[in-house]
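Dear colleague,

Please find the sequence and structure below, followed by a short account of what was found.

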Amino acid sequence: MPDSTTTVYRDWNQQELDAQYNNRAAAPDFARQTARYRTLTDSAKQAFHHVENLSYGTAPEERLDLYVPTGSGAPVLVFVHGGAWQMLGKDDSGFPAHALLPAGALVASLNFGHVPDASLDTMVDQVRRAVAWLWQHVADHGGDPDRLFLAGHSSGAHLVGQCLTADWPTDYGCPADAIKGALFISGLGDLEPVRLSYRNALLHLQAQDVGRLSLVHQRPTVSCPLIVAYADGDTAEFQRQTREVGHYWQAQGLPTQALVIPDRCHYQIVLDLAEADSVLCRSLANLMALVPPAPG
């Protein structure tokens, strides 16, 4: 058993590594911030036309909600929530509609399994199947399947990364270029330090799982622009991981934008997607070629 000074990963000992991956301890007001996800989602349901509990699979949790603008042919944002692969859901994930619907986008919020009941492999497949379902069916709800974009936060960013390595034509019946752009917020591109941290008590990752489930250890199958963003209040490891995903994407010769969002903690940064004037939301709107609503 290593003692408290033994290096476990990079320069971190076990206690230090665990602290780097403990976002709750790093942001003591996480409960208040995550409660805002549900409050803002509830208000989005009151403010906008939406369709709830559409099934993208047969499991009870395989459901999604759509927030739908008027008209047809809207670009589509698929939002993949965080929560350490163990909490939150679609009813906490509709808040980007506040900024994106007035600009003309359709927003999809997803449910999928959580540990310990679902493995990471199951979650990856569920999110991919939800994206495939949307590509096949979103036109029925006013969305444009040829303008499909992804955004994910924290563990949800990890799942978005796995969508960039899928064999879409063979495994999911979608064109290879179905995803037109992605936003990766304060996420995880390499699960090796996660495997070595306290989090693995729930995840049960083996060494051989890391390469298969880590974006930076795979070759991308999707050639789309990628925005990577982290909060200045994120831990050093979450900042490093997000930067390295950006470096990895840029090394593939693909368009990459990197953002550091000031005055935010890990749980606050994603709420900027509900604020049309925020740097994060403006960058996403530019990626999606949205037209901001007229003032007033």
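In helix 12 (residues 279-287), the buried residues are Leu280, Cys281, Ser283, Leu284 and Ala285; buried means under 20% relative accessible area with a 1.4 Å probe, protein chains only. Helices are DSSP runs of H or I of at least four residues and strands are E runs of at least two, numbered from the N terminus. The model is predicted, so local features need pLDDT of at least 70 and side-chain atom pairs pLDDT 80 or more, whereas totals for chains, interfaces and linings use all residues. Residues are numbered from 1 along each chain as its sequence is written, and side-chain values use heavy atoms, without hydrogens and water.

The buried residues of helix 12 pack against strand 5 (74-80), helix 4 (97-100), strand 8 (179-185), strand 9 (226-231) and strand 10 (256-261), where contact means heavy atoms within 4.5 Å. Ala289, with a positive phi near 55°, follows helix 12.

Of the 60 residues in the largest nonpolar core, Leu64, Trp85, Leu134, Leu164 and Trp168 touch the most other members. Such a core is a set of buried Ala, Val, Leu, Ile, Met, Phe, Trp, Tyr and Cys residues joined through side-chain atoms within 4.5 Å. Helix 5 supplies the largest share of this core, nine residues. A second, separate core of 38 residues includes Leu280 and Leu284, both among the buried residues of helix 12.

The crossing of helix 5 (residues 120-137) and helix 6 is right-handed, that is, the near helix is turned clockwise from the far one by less than a right angle.

Yours sincerely

Technical notes:
Axes fitted to C-alpha atoms, helices over the stretch in contact; angles between N-to-C directions. Buried < 20%, exposed > 50% of the residue type's maximum accessible area, 1.4 Å probe, protein only.
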